[in-house]
2 protein chains.
Amino acid sequence: MKISTKGRYALRLMLDLAINFTGEYISIKSIAARQDISEKYLEQIITQLNRAGYVKSVRGAQGGYMLSKAPSEYTVGMILRLMEGSLAPVNCAEDEESCDRASRCVTQEVWVQIQKAVEDVVDNITLENLVTRYQEKAEPVYII
Amino acid sequence: MKISTKGRYALRLMLDLAINFTGEYISIKSIAARQDISEKYLEQIITQLNRAGYVKSVRGAQGGYMLSKAPSEYTVGMILRLMEGSLAPVNCAEDEESCDRASRCVTQEVWVQIQKAVEDVVDNITLENLVTRYQEKAEPVYII
DNA sequence: AAAAATTCCTACCGTTTTGATAGAAATTTT
DNA sequence: AAAATTTCTATCAAAACGGTAGGAATTTTT
């Protein structure tokens, strides 16, 4: 029942791009340094995000990556689904036909309930929400 | 983000014991036949359930297994936790000290939210609930 | 024009987990 | 004594995980 490092790193990566947005492209190298993740591994992950159109890239010196849309346009669910393939705890939760017992199976209903619960969380948190949480953590506002 | 076959089979196994309860011990062989799961694999799974005290066993002819408590005493969560080890989507959701970024990390909060959502589902479904659902599916009551 | 900085692409690889299978010993009933 | 079971231990192939490596392509800087 674990989320792989690909999914976790992808979320940190996207959040890093959102938090460190300046209008300039951000290199893998700098993300890797901030997030303490191998450059080569991040490269693989960001390639998937790029192919899905979640980020845009520019090669060469001063090149790098940038979110292609506003942080509010990305949900955690979008990012995790892209990396994990699906958020179903078992195949039959998403595709009843993957098991011919599904019609009589009550455990299948449990898996569907789990999947819905997970989706209800991740589809209702955006990168923007996370940026806000980050700022509140990093720079608490003291009302005097 | 998948639940392993061990967890899934364990739930079907426990439910099978609950549904087919007659007061007599039930053999692995008969469970395997009904559930269409390898006897040898079920054996390994039920061994874990036995060691945890979730089922009791008797060897020899007419031997087999039986739930050690009433179906209402088992939650889906208990069974899944036993087989999967934990329901946390990542280690830091359960054990903050497993990552020294946890205190500043906002993705960690996401994992905690996911875990809580999953637990809220599985800790509130008992085997008894599933038996009821099963009976409603298998024998619909037509009110005329 | 050359050098430097970067993404892009493909392949490979060791370790762990998953999902079993196999065989024989121990126990209990028939 | 035989049959039916659980119990225990070992083994194993395949897939997934979590990377690493190297070089080609592109763009900017010098």
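Which base atom of DNA strand C lies 2.5 Å from a polar side-chain atom of Q44(B)? The views below come from a predicted model.

**View 1. Polar contacts to DNA strand C.** The atom 2.5 Å from the polar side-chain atom of Q44(B) is a base oxygen of DNA strand C. Phosphate oxygens take part in two further pairs: one is 3.2 Å from a polar side-chain atom of N50(A), and one is 2.9 Å from a side-chain N or O atom of T5(B).

**View 2. Protein surface near DNA strand C.** At least two residues each come from α3, β1 and β2 of chain A and from α1 and α3 of chain B. The most, five residues, come from α3(A).

**View 3. Interface of chain A and chain B.** Each chain places 39 residues in the contact. About 3600 Å² is buried between the two chains, 65% of it on carbon and sulfur atoms. M1(A), K2(A) and V106(A) supply 20% of the area that chain A buries against chain B, more than any other three residues.

**View 4. Salt bridges and polar pairs between the chains.** Four salt bridges link chain A and chain B. In the one between E109(A) and R133(B), the closest N and O atoms are 3.2 Å apart. Polar contacts across the interface involve 20 residue pairs. On the chain A side, α6(A) gives the largest share, ten residues. This side has 22 nonpolar, six polar and eleven charged residues.

Definitions and conventions
Residues numbered from 1 in each chain as written. Chains lettered and ligands numbered in written order. Predicted model: local features only at pLDDT ≥ 70, side-chain atom pairs only at ≥ 80, totals over all residues. Heavy atoms only, no water. Polar contact = N/O pair within 3.5 Å; in protein donor to acceptor, adjacent residues only side chain to side chain. Helix = DSSP H or I, 4+ residues; strand = E, 2+ residues; numbered from the N terminus. Contact = heavy atoms within 4.5 Å. Buried area = accessible area lost by both parts, 1.4 Å probe. Salt bridge = Lys/Arg side-chain N within 4 Å of Asp/Glu carboxyl O. Nonpolar A, V, L, I, M, F, W, Y, C, P; charged D, E, K, R; others polar.
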